[in-house]
Amino acid sequence: MKKTVKLAALTLAAVLTLTACGTTGGGSSAGASSAGGSSANAASADTLRVVLNSEPSDLDPHKNTRLTAWAVQEEIFDKLVTKDEEGNIQPDLATSWTQIDDHTWQFKLRDDVTFHDGSKLTAADVVFSFQRACSAAGSKTFFVQFDPDNMKAVDDYTVNVATKQPFAAVLNYLASARGAILCKSAVESMGDEAYGRAPIGSGPYKVESWSTGNSIILTRNDNYWGDKPACSKIEFRFITEAANRAIELETGGADIVYSLATNDADRLESTEGVQVVSGPAYQFVYVSLNMSDKTLQNEKLREALVTAIDIPSLVSAVYGPNTKVADSYMSSNVAMHASMPAKTYDPAKAKELLAEAGYPNGLNLSIKLAEDSNASAMAEIVQGMWAEIGVTASIESMEQATYLEQANAGQVQVAIATTNAVSGDPENALMIWRSTAVNAIQACDPKIDEYLDAGAAEFDATKREAIYKEAQQYLWDKDYCVPVCFPNVVYGISDKVEGFQCHPGSTPDLAKVVLAQ
Amino acid sequence: MKMQKTNRKASQFGRILSRLCQNKAAVFGMVILLVLLFCSIFAGVIAPYDYAAQDLASRFQGPSLSHFFGTDNLGRDIFSRVIYGARISLIVGLSSVCLAAFLGIILGALSGYYGNVCDNIIMRAMDILLAIPNLLLAISIAATLGNGIGNLILAIGIGSAPGYARIVRASILSLKDQEFIEATRSVGGNDFQIIFHHILPNCLAPIIVQMTLGVATAILSTASLSFIGLGIAPPTPEWGSMLSAGRQFIRDAWYVVTFPGLAIMITIFGLNMFGDGLRDALDPKLKN
Amino acid sequence: MPRYIFKRLLMMIPVLIGVSFVIFSMLYFTPGNPAVQILGEGASPEAIEELSNEMGLNDPFFIRYFTYLKGIVLHGSLGTSYSTNRAVMTEILSRFPTTLKLAALSIVIATLIGVLCGIVAAVKQYSVFDNVATAVSLIGASMPNFWQGLMMILLFSVYLGWLPASGFDRPVCWIMPALTIGTSTAASIMRMTRSSMLEVIRQDYIRTARAKGQKEKVVVFHHALKNAIIPVLTTIGLSFGHMMGGAVLTESIFGIPGLGNLIVGAIKARDYPLVQGGVLFIAFAFGFVNLFVDILYAYCDPRIKSQYSTHKRRKTKGEVAQAT
């Protein structure tokens with residue numbers, strides 16, 4: 001009996017010790033204990049609680065390509081210029097700017113900006129940030145047009161930003177989340193790794209703590225040069241299950257939820273205490289037809305494939321009835337968008353076209369996608385609709401890593417894809433159709449390159465618009481893809497939240513949010 | 001002589017069967033299994049709709065007379081998909097278990113019979129496989145090989161092999177030095193005969209039990225892998241991938257997630273009950 | 001005894017090396033380039049090639065493997081994660097306490113349910129109680145973890161509003177995930193308890209105790225359970241070890257930042273060092289738990305203990321013959 005008691009006591013003690021040391025040790029990496037996370041719900045009514053759909057890997061603007069990271073970075077960093085609700089460029093860190101020559105823009109900076117660590121923001125920091133952006137893995141692709149060697153700090157508050165070719169999209173690019181200005185001295189003294197965990201920026205909020213797996217807490221920057229935000233803290237939490245995000249909002253565990261699933265949004269619209277805010281975005285969803293694939297180079301065949309899809313039903317089934325059906329190869333919110341006549345849905349005509357294309361008995365196609373619930377649903381619907389005209393499509397869903405590898409190598413015949421032009425600039429939106437682009441499309445049409453090169457170099461807005469209109473018409477008629485829709489950005493906010501504005505690039509500015517009591 | 005042998009085997013089998021039937025839980029499990037088998041074989045006849053037939057106009061309809069389990073996000077009949085799903089689950093379950101048993105028996109037999117270096121190497125390899133958690137191992141193998149039923153069977157089968165190897169090895173070790181083995185060898189029997197005709201039949205019982213329970217684990221692993229996104233891809237109706245696809249709709253359409261989940265649960269429950277009953281029936285200690 | 005422990009620890013090393021080799025090989029053959037993941041969509045082939053070379057991804061197999069081993073042996077470092085650029089060890093240790101907590105709570109629940117059901121099933125074999133107890137422990141095991149989690153969230157978070165659906169920082173968040181995992185593992189513990197108890201109950205000394213007129217409760221708990229519990233310890237230990245790396249799906253449903261979730265995410269992102277480090281860590285923890293259970297086993301069962309004690313030298317045949 002004694003033995004058993006001893007044994008039971010020993011085991012119980014072991015289990016309790018493990019639990020206890022788990023409690024003290026767990027959940028902290030940069031200061032906040034687990035009590036910090038839990039206190040958020042009971043904390044000052046002054047803390048804005050935001051839920052994201054995944055945890056950023058780090059907060060270094062040049063090191064990652066994830067939207068969730070930028071959502072947080074938006075509060076920590078400032079940019080040279082910013083965009084207002086109408087899409088016009090407004091000053092941010094820069095007070096004015098002029099174009100000195102074809103390749104260079106000169107910006108005059110504010111002189112009253114300090115970073116979170118107290119150092120002043122000067123032109124040297126701007127030069128450093130952009131040069132780093134041109135060479136860092138995560139940002140290199142976006143900054144491919146910028147010229148790091150000719151970036152210059154003319155004096156403490158004047159900086160030259162240079163591009164390799166004449167590039168009309170400069171301001172749009174610099175206004176995007178990618179244009180963040182980093183603190184040179186902090187990056188150099190802290191090192192990349194530490195900087196990515198607790199970055200020093202000049203924005204309205206600074207990083208207080210990051211509890212891996214649980215939350216990132218930002219606290220108000222009291223030395224901010226602009227309007228001070230109303231909320232003293234922002235707590236970002238990460239919930240990967242879509243249904244759980246909606247539940248958090250409904251049960252009052254969160255104030256704002258980014259990325260709501262369509263069906264949750266529909267239900268929340270009629271729920272008490274909660275609102276659904278949606279706004280235009282830069283995304284374009286499409287089904288790409290590999291341009292370099294021998295079979296798909298047949299124009300009649302492509303026309304048949306597009307005519308066989310009932311696009312409005314497809315959009316309604318996957319994205320809901322409020323999502324706009326695509327009327328161009330770039331979102332209607334991207335600058336210089338031109339509306340094209342809708343594609344007709346006619347299975348009988350599609351069958352005829354198929355026969356004319358040389359496939360009276362149908363053919364086999366292969367659809368590949370990176371696993372995602374919307375993409376899967378779309379693939380299945382497309383498969384079903386193509387089956388009606390005699391085209392048998394097989395679906396292969398794979399992990400993102402594998403899909404990217406295959407797509408870039410040109411092994412994907414039909415792909416379900418999305419593109420997001422974060423800068424809102426047509427060059428950004430259409431660059432996937434360039435023959436130099438590396439993706440599932442495998443573009444090889446020199447006419448497109450001609451259009452895009454002309455558009456990128458044209459500084460006159462009217463002329464630029466005309467070029468892009470022609471380009472969009474050309475793409476639309478060529479049926480290089482099945483254009484599906486322009487999804488909106490959808491946020492769920494509690495009734496206590498005021499002053500929240502949607503941002504088409506999915507990085508809303510939380511500094512203007514006020515929490516009513 | 002032959003007559004006696006057949007009679008003995010038959011009566012032994014009969015005794016096991018009667019013991020099994022006395023166990024109500026095991027009978028319940030058997031019934032469930034038979035229903036499962038029936039559904040998989042006759043899915044084409046039983047299912048009212050084609051599992052891939054989409055009807056975008058009637059998405060998310062609740063259970064009704066025309067759609068017993070309702071319709072999913074693409075308007076497909078859930079009842080039909082659950083029935084076809086039985087076929088996939090059974091195919092993957094049985095194949096992976098057979099693969100695991102096959103690999104395990106061979107490795108265990110070699111290891112136990114030849115001993116020494118061979119034994120050491122094989123057992124260390126089994127230890128390595130066992131040291132990695134089952135699900136993570138299956139996920140890693142599935143990630144390496146890619147999606148598809150064949151790769152799934154491989155991933156699950158390889159991970160389960162060590163269990164069978166151990167059973168066979170233990171059995172061989174305990175029987176290896178017995179006199180009847182020596183006797184067989186002295187009348188000219190070779191190693192192969194000894195292993196397969198004399199030793200293996202003795203460890204048949206635990207292997208069968210392990211296989212039955214193994215099918216349950218395999219079905220669960222399949223569902224888990226499909227849930228993560230590795231494994232069976234759409235539109236093939238597999239219970240786990242149906243759960244995965246339906247999980248975001250759980251608030252508005254509870255039936256999309258509930259019925260496939262129930263199907264998995266009942267299947268595994270039945271298999272477990274049957275396996276446990278089988279183990280009891282085959283337990284030599286209960287022979288008296 | 002210390003010698004035995006030391007020998008066991010030593011034997012773990014080849015197994016761990018084997019594990020690292022197996023995982024490394026599998027990752028080597030897995031399609032998907034981590035450089036592409038890092039650079040994102042639209043990266044040029046030259047950029048990808050450059051980054052791949054920098055990361056050493058184009059080196060031959062054995063050079064990569066030995067560089068990795070060298071890192072472990074010489075610097076005690078498991079490498080740096082490709083996605084977060086932090087040391088793999090740091091990433092693992094930041095998640096490990098959460099997984100440990102979850103596993104500890106789950107094993108307590110599993111043991112309580114499993115042992116109780118097992119005792120009932122064994123003592124009243126073949127009766128209704130046996131079937132009911134078996135059924136109860138099996139129900140949890142038959143439900144896929146992720147489905148059970150979803151159903152519980154639906155019931156307790158949405159309809160009743162009692163418990164939060166995600167997170168792991170407050171104690172109230174621990175209830176549902178621990179229940180989910182605990183009920184799944186209860187069945188195997190119950191089976192072991194039942195069969196072990198059945199074996200013990202048939203022993204002569206139980207019959208004797210009953211014949212002597214001992215109360216049934218004393219017979220069951222004092223005599224039978226004490227002896228039967230020992231093999232059950234192995235099952236409990238094994239289950240605990242498995243929980244440490246196998247709670248992937250539950251972690252994903254409840255949004256728990258645990259080790260399993262970390263590793264699966266790393267596999268998807270082709271973050272090789274993190275996958276290798278994570279699996280190695282779990283394998284080590286598992287081996288360690290096994291060792292602990294074996295020691296506990298030996299400590300409790302005097303028959304086994306004597307085999308390992310080094311004080312008493314066993315008498316040789318000759319000495320025994322001489323003594324008699």
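How many helices and strands are there in chain C? In this predicted model, chain C has 15 helices and zero strands.

**Chain C**
- The radius of gyration of chain C is 25 Å, whereas a compact globule of 324 residues would have one near 20 Å.
- The C-alpha trace of chain C spans about 85 × 70 × 30 Å along its principal axes.
- Of the 324 residues in chain C, 50% count as buried.
- Among contacts in chain C between residues at least 6 apart in sequence, 70% join residues at least 24 apart.

**A sheet in chain A**
- Four strands of chain A form an open sheet in the order 4-5-7-6, with antiparallel pairing.
- Strand 4 (94–101) and strand 6 (152–155) of chain A are at the edges, each with a single partner strand, so one side of each has no neighbour in the sheet.
- On average, neighbouring strands of this sheet are turned by 25 degrees against each other, direction ignored.
- Strand 6 of chain A is joined to the antiparallel strand 7 (residues 158–162) of chain A by three bridges, and A:Asp155 stands opposite A:Thr158 in strand 7 of chain A.
- Helix 4 (residues 123–135) of chain A packs on the sheet and touches strand 5 (104–109), strand 6 and strand 7 of chain A.

**Contact between chains A and B**
- Chain A gives 23 residues to the contact and chain B gives 20 residues.
- Helix 12 of chain A supplies the largest share of the chain A side, seven residues.
- The residues on the chain A side comprise nine nonpolar, eight polar and six charged.

Key
Residues are numbered from 1 along each chain as its sequence is written. Chains are lettered from A and ligands numbered from 1 in the order in which they are written. This is a predicted model: local features need pLDDT of at least 70, side-chain atom pairs count only at pLDDT 80 or more; totals for chains, interfaces and linings use all residues. Two residues are in contact if their C-beta atoms, placed from the backbone, lie within 7 Å. Helices (H or I, at least four residues) and strands (E, at least two) are DSSP runs, numbered from the N terminus. Ala, Val, Leu, Ile, Met, Phe, Trp, Tyr, Cys and Pro count as nonpolar, Asp, Glu, Lys and Arg as charged, and the others, Gly among them, as polar. The radius of gyration is taken over C-alpha atoms; the globule rule is 2.2 Å times the number of residues to the power 0.38. A residue is buried if 20 or more other C-beta atoms lie within 10 Å of its own, exposed if 12 or fewer, and partly exposed in between; C-beta atoms are placed from the backbone. Two strands pair if DSSP finds at least two bridges between them. Axes are lines fitted to C-alpha atoms, for helices over the stretch in contact, and angles run from 0 to 180 degrees between N-to-C directions.
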